[in-house]
Amino acid sequence: MEEMLKQFNFTQPEILVYLALLKSGGATVSKLAVATHLKRTSCQEYIRSLEERGFINSSKIGNKFFYQAEDPDKFRQMVHERVYVVDRLLDTLREKIQEE
């Protein structure tokens, strides 16, 4: 499974964070740091990276942020989006070749 996640450009620490969130259903940075044995400040960086790429989401509860992993179907959605982009690119390139 880790090798498959690496195909989506996950680093080893990001894999730990993502899997911990999937298993727990959600957590604060502090709880994630304990669960993954990573420094809290490092966890924040991995969370930010995963959130920017759409693999986790956050919500503020009181004065703390709570993080959750997105539905694993997100991977399928990303692949479908990439296939769509590749299909359009191929069509455009073929049209370009025919013009010349």
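Among contacts (heavy atoms within 4.5 Å) between residues at least 6 apart in sequence, 46% join residues at least 24 apart. The model is predicted: local features need pLDDT of at least 70, side-chain atom pairs count only at pLDDT 80 or more, and totals for chains, interfaces and linings use all residues. Residues are numbered from 1 along each chain as its sequence is written, and side-chain values use heavy atoms, without hydrogens and water.

The chain has a radius of gyration of 18 Å, whereas a compact globule of 100 residues would have one near 13 Å. This radius is taken over C-alpha atoms, and the globule rule is 2.2 Å times the number of residues to the power 0.38. The C-alpha trace spans about 60 × 30 × 20 Å along its principal axes.

The secondary structure comprises 5 helices and 2 strands. These are DSSP runs, numbered from the N terminus (helices H or I, at least four residues; strands E, at least two). From the N terminus, the order is α-α-α-α-β-β-α.

Helices α2 (residues 12-24) and α4 (residues 40-52) pack at about 80°, with axes 10 Å apart. Axes are lines fitted to C-alpha atoms over the stretch in contact, and angles run from 0 to 180 degrees between N-to-C directions. The pair is therefore roughly perpendicular (65 to 115 degrees). Pro13, Glu14, Val17 and Tyr18 of α2 meet Cys43, Tyr46, Ile47, Ser49 and Leu50 of α4.

Strands β1 (residues 56-61) and β2 (residues 64-69) pair antiparallel over 6 bridges; pairing requires at least two DSSP bridges. Asparagine 57 has glutamine 68 of β2 as its bridge partner. The two strands form a hairpin with 2 residues between them. Glycine 62, in the turn, has a positive phi of about 65°.

Conventions
Parallel < 35°, antiparallel > 145°, perpendicular 65-115°, else oblique.
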